[in-house]
Amino acid sequence: MTARLRAAIAESKVGRFSATISLAIENSAISRAGQQLSQWVQQSYLFRWLTAEPEPEVIVVDLRESWFVGPVIAALDRFTKAVVPAVETSRVRRATKRLTARLSRAPLRFAGLAGVVAFSALVAAALLTGTLTRPAMGAYAICLGLALAGTRVELSWRELGETKIGKAVSAAFVPPEYDD
């Protein structure tokens, strides 16, 4: 196209509308979410492992050039570039950050609340269906009592890790040391 034709198209109503739509798409929350998701995928261990430079004695197959995996990776790249920007500025992400902060300040309180809701729903469902037996009612009462007790604990993750039980649990998940 010539410069005059491009200028005429850009100045037309259709050209301005197209530019406005393009700008809106680029600045949309969905586009930003796609970019964020793309960054997450590219920073993930699996992506880095699949795309790492080979060691000298290792044969590497570039999956991006394969017929089966290549289109999937390309589609994921396009999707993440479109969705990641929206995730960064979304209300869901802000709410998730706030919830995560509150959860880390008192995790057992939130677990207790979730347990109270879950076991209350189970008792209600059992009552409605007529399947609530005495042993089940006792088990529900014990679980509901433990959940209610959990709502009273205001220790943070760090404080929980410093308790005897927290130290025992973290020691159980430490991998063993091997001698050479």
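**Surface patches, salt bridges and selected residues**

With a relative accessible area of 52%, arginine 98 counts as exposed (exposed means over 50%, buried under 20% and partly exposed in between, with a 1.4 Å probe and protein chains only). The model is a predicted one, in which local features need pLDDT of at least 70 and side-chain atom pairs count only at pLDDT 80 or more, while totals for chains, interfaces and linings use all residues. Residues are numbered from 1 along each chain as its sequence is written, and side-chain values use heavy atoms, with hydrogens and water left out.

**Surface patches**

- Arginine 98 sits in helix α6, which covers residues 91-105 (helices are DSSP runs of H or I with at least four residues, strands are runs of E with at least two, and both are numbered from the N terminus).
- A nonpolar surface patch is made up of Tyr45, Leu46, Trp49 and Leu50, which together have about 500 Å² of accessible area, as given by the Shrake-Rupley method with a 1.4 Å probe and, for residues, with only the protein chains shown counting as cover.
- Within this nonpolar patch, leucine 46 belongs to helix α4 (residues 45-51) and is exposed, because its relative accessible area is 53%.

**Salt bridges**

- Side chains of opposite charge can pair when their charged atoms come close.
- There are two salt bridges in the model, a salt bridge being a side-chain nitrogen of Lys or Arg within 4 Å of a carboxyl oxygen of Asp or Glu.
- Another salt bridge brings together the side chains of arginine 109 and glutamate 154, at 3.0 Å from N to O.
- Because arginine 109 lies in helix α7 (residues 107-129) and glutamate 154 in the loop between α8 and α9, this pair ties together parts that are 45 residues apart in sequence.
- Arginine 109 is partly exposed, with a relative accessible area of 31%, whereas glutamate 154 counts as exposed at 53%.

**Buried residues and their contacts**

- Serine 156 is placed in the loop between α8 (134-150) and α9 (157-161), and a relative accessible area of 17% makes serine 156 buried.
- Threonine 80, in helix α5 (residues 69-89), is buried at 2% relative accessibility.
- When neighbours within four places in sequence are set aside, the contacts of threonine 80 are Ala33, Gly34, Gln35, Gln36, Leu37, Ser38, Val41 and Pro85.
- Valine 41 is 39 residues from threonine 80 in sequence, and their C-alpha atoms are 8.0 Å apart in space.

**A separated pair**

- Serine 170, found in helix α10 (residues 164-172), is partly exposed with a relative accessible area of 41%.
- Between the C-alpha atoms of serine 170 and phenylalanine 68 the separation is 42 Å, and the two residues are 102 residues apart along the chain.

Conventions
Patch = residues over 30% accessible without salt bridge, like charges linked within 9 Å, V, L, I, M, F, W, Y side chains within 5 Å. Contact = heavy atoms within 4.5 Å.
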